[in-house]
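This briefing is for a reader who is new to the structure.

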Amino acid sequence: MKTPAVFKLLSFSQILLITVLPFASASTDLVNYTCRKTPYTVFCAAALGLDPRSSTADTKTLGLIMVDKVEAHAKSTLTKIKYLRGKAAHPRTKQALTSCEQSYGFIVSAMVPPSKESLTKGDYKFAVEYMNAAVNDVQECEAGFGGSKSPISDSNDYEHKAAAVASAIAGLLL
Amino acid sequence: MAEPYPSRSPVDQEDPGYAPLAGGEEPRDHRRPIRAILAVGLSVLLVVGIVIGFSTDTSPDVCAEVNSARLEPFLLGGAGQRSVPVKTVVRPVPRGVNEGVSAKSNRVFAGANLRGFPWNNSMLSWQRTAYHFQPEKNWMNDPNGPMYYKGWYHFFYQYNPDAAVWGNIVWGHAVSEDLIHWLYLPLAMVADQWYDINGVWSGSATVLPDGQVMMLYTGSSNESQQLQNLAYPANLSDPLLIDWVKHPGNPILAPPQCIDKLDFRDPTTAWYTSGGKWRFAVGAKINKTGVSFVYETEDFKSYKLLPGLLHAVPGTGMWECVDFFPVSDDGLDTSVNGPGVKHVMKVSLDDDRHDYYAIGTYNEEANTWVPDSPEIDVGIGIRYDYGIFYASKTFYDQNKSRRILWGWITESDSEYADVQKGWASLQALPRTIVLDTKTGSNLLQWPVEEVDSLRLSSKEFDSVEVEAGTVVPLDVETATQVDIVAEFELDKQALEAAPEADADYVCSASGGASQRSALGPFGLLVLADDDLSEQTPVYFYVVKGPNGTLKTSICTDQSRSSVATDVHKQVYGSFVPVLEGEKLSLRILVDHSIVETFAQGGRSCITARVYPTKAIYGAARVFLFNNATEANVKASLKIWQMNSAFIRPYSPQ
């Protein structure tokens, strides 16, 4: 008996769905699995989930995505810092912002490149070390405002989390 | 999580040829007898099977063994615990490192002022050493290919020509006639081939009996794969071995199929077997088990992966910079073997950035090495050095028949300061390595005797009484480049009267030199200023155990080494065996921002980096101290001023 075309189509698409579905949730699974092992699970899952690369990424690539976030965010924060410094009323605020500019500039020029190289080439301990250093640099920037909340505290918070998560992901690969 | 393996690389030598099976299609003519079909089918299968059998590489597939039950005992416990060593061997891991937080960030939780220290050029330039190997600028890491050749000691090193942070790695090169006075040569190898374009990583030298030199090394390829390669001197009659040639047949090895392409590196020096072949090891990991593969070659042209693993230890993670060599109370050539010869297995653990070794027995025929004491197996037991010391490598010095150890000493200040000062990392002083025949269960390390040639004027202090709770200044000139040899004796009455301690002392978990008890701490304060606002204590700490046995620890305390907040503030150290009748002895080499300590003739070693801001130049002093509450201590010591090694670029006379 000849099978009706519609049944053939149905069974074919059923098989397709069954084979594809596990992969679709597997990638979200990897993001969740990885983020649970970082200090900022929710932040990590949100930041990675938003990036289209995360659906097919392995752990190493998730780390690279996070380092990209550290870099991109540092660059945009630098622009913000320069703008705020131009408007700053207090010389102390100006000074603190200059110090932050140094910290963020340092992250972009000296901490991001070796972290990317480390993750790409498989000597992961350097990404752990340099992303930790980035966390410290951000904390120094925030601390430069003498204990009160800085005008860039939201940016610092994001960068702190992004760098800490990047370091933790690299640590999972050791 | 296992990742799918991409298609075979052209250099993969382990894959058997694969011939598709000729399957029989269902015959449409029902009149052909089934038996005939079966007969034809089976004989086709037989023929194909024979063809496959003869065409494939007949050497056993290590990966098949890895996946089978044969190697399971080695590999079980993938993500699991390291077994806790029975003996009190200390593995100080900075709190928080396991959580992915840098040891330096503990300063953040110290509250108060979190700003980085305002380093000035005077402070930063003081940090450069006078007699330790370091390049003129930029970043250095692993020692590579050390060897002695035609009157020169050669030293190569991982180097970043562009920055004071890791990256863009190539091979630096320096030579010396005495392991001390180094002369910089041009870069030996740069990243100029597809198989090492992303990094010319670590490797080792094998000097053949006929004078050829085989340099095996890891390359990070254009696809970021880790591949093993061979290089050799362009001109063997050039004693400086300035130019190097990469073997046209590179790469010689790709990772075995069961190994991730990013977990396969650092080939060792080769050893010559009784079967007339050369063998060398390469470290890797399978899940969380650190492993070592062994390759065999006759001519350094074709290579065979031997079945089995030289050794594996679950839970230790990636094995970097594997080293494998025979030991006795004297130096031994790497190829020495025989009944009663002990072999050392050493690994650098990526997980905690420490170097571990164990002593055991090598079975050449079975290609295995077994530790004497499995509870202190490699990676879970003894370390070469309880401070900062990684990626170390030994070589056999045929010139003076000794085995010499090199170790990479990284910075423990901030990366920001490293970039400011324009350089990062040192090498430890080269150390001779022998088996401690008195204990039989550890190695002894000692600075090579050529270090003594740097000694200038000295001052001797005999039987100085250091009462409990006192500090005694030692009148030497400035103390930034000194060699100190000291002996200590604890007051016998206090020893007898001291109560039994209720716990073992662990340097890294202690309060350092300010944590007092009946019998310790006591020792020396180096890189200390007059009012002790900055000080680096190097001390013994003695506790009484059950049955009146004494247990001694040796520690270096960084916690007050600098008022700067952006430097490590840890206490390093370990238990050190002290045998009946032995006095407590120390050798400390201070060279600006590095302090190398050797206790009990080198049974326990600690290398620390310190960055004082005030106890520098003419303000650096040395003191004896005794912070015990009960025991007085008698100290005898000699302190030498150390000359500079004048490390500089080579220039022909």
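A:Cys100 and A:Cys141 are both buried. They form a disulfide in this predicted model, and the total over all chains is 4 disulfides. The other topics are the contact between chain A and chain B and the loop positions of B:Pro307 and B:Gly379.

**Disulfides of chain A**

- The sulfur atoms of A:Cys100 and A:Cys141 lie 2.0 Å apart.
- The link of A:Cys100 and A:Cys141 is right-handed, because the torsion about its S-S bond is about 95°.
- A second disulfide of chain A pairs A:Cys35 with A:Cys44, with 2.0 Å between the sulfur atoms.
- The link of A:Cys35 and A:Cys44 is left-handed, with -70° about the S-S bond.
- Why does A:Cys35 count as buried? Its relative accessible area is 1%, and buried means under 20%.
- A:Cys44 is buried as well, because its relative accessibility is 0%.
- When the bonded cysteines of chain A are numbered in sequence order, the pairing reads 1-2, 3-4.

**Disulfides of chain B**

- B:Cys63 is joined to B:Cys258 by a disulfide, with an S to S distance of 2.3 Å.
- The torsion about the S-S bond of B:Cys63 and B:Cys258 is about -75°, which means that the disulfide is left-handed.
- B:Cys63 is buried, because its relative accessibility is 4%.
- B:Cys258 has a relative accessible area of 15% and is therefore buried.
- For the bonded cysteines of chain B, numbered in sequence order, the pairing is 1-2, 3-4.

**Cysteines in no disulfide**

- B:Cys321 takes part in no disulfide; the nearest cysteine sulfur belongs to B:Cys605 and is 19 Å away.
- B:Cys321 is buried, because its relative accessible area is 3%.
- B:Cys605 is also in no disulfide; for B:Cys605 the nearest cysteine sulfur is that of B:Cys507, 13 Å away.
- The relative accessibility of B:Cys605 is 0%, so B:Cys605 counts as buried.

**Interface between chain A and chain B**

- How many residues of each chain are in contact with the other? Chain A has 30 residues in contact with 38 residues of chain B.
- The area buried between chain A and chain B is about 3,000 Å², and 54% of it is on carbon and sulfur atoms.
- Of the area that chain A buries against chain B, 22% comes from A:Lys121, A:Lys125 and A:Leu174, more than from any other three residues.
- Between chain A and chain B there are 3 salt bridges.
- One of the residue pairs in a salt bridge is A:Glu129 with B:Arg353, whose closest N and O atoms are 3.7 Å apart.
- Polar contacts between chain A and chain B involve 11 residue pairs, both residues being at pLDDT 80 or more.
- On the side of chain A that touches chain B, at least two residues come from each of H4, H5 and helix H6 (153-173) of chain A.
- The residues on that side of chain A are 12 nonpolar, 10 polar and 8 charged.

**Two loop residues of chain B**

- B:Pro307 sits in the loop between strand E13 (303-305) and strand E14 (311-313) of chain B.
- B:Pro307 is partly exposed, because its relative accessibility is 29%.
- B:Pro307 is 88 residues from B:Gly219 in sequence, and their C-alpha atoms are 24 Å apart in space.
- B:Gly379 sits in the loop between strand E18 (368-371) and strand E19 (382-383) of chain B.
- Is B:Gly379 buried or exposed? B:Gly379 is buried, because its relative accessibility is 0%.
- B:Gly379 and B:Met345 are 34 residues apart along the chain, with 9.7 Å between their C-alpha atoms.

Key. Residues are numbered from 1 along each chain as its sequence is written. Chains are lettered from A and ligands numbered from 1 in the order in which they are written. This is a predicted model: local features need pLDDT of at least 70, side-chain atom pairs count only at pLDDT 80 or more; totals for chains, interfaces and linings use all residues. Side-chain values use heavy atoms; hydrogens and water are left out. A disulfide is a pair of cysteine sulfur atoms within 2.5 Å. Buried means under 20% relative accessible area, exposed over 50%, partly exposed in between (1.4 Å probe, protein chains only). Contact means heavy atoms within 4.5 Å. Buried area is the accessible area (1.4 Å probe) that two parts lose on being put together, summed over both. A salt bridge is a side-chain nitrogen of Lys or Arg within 4 Å of a carboxyl oxygen of Asp or Glu. A polar contact is a pair of N or O atoms within 3.5 Å; within protein, one must be able to donate a hydrogen and the other to accept it, and residues adjacent in sequence count only if both atoms are side-chain atoms. Helices (H or I, at least four residues) and strands (E, at least two) are DSSP runs, numbered from the N terminus. Ala, Val, Leu, Ile, Met, Phe, Trp, Tyr, Cys and Pro count as nonpolar, Asp, Glu, Lys and Arg as charged, and the others, Gly among them, as polar.
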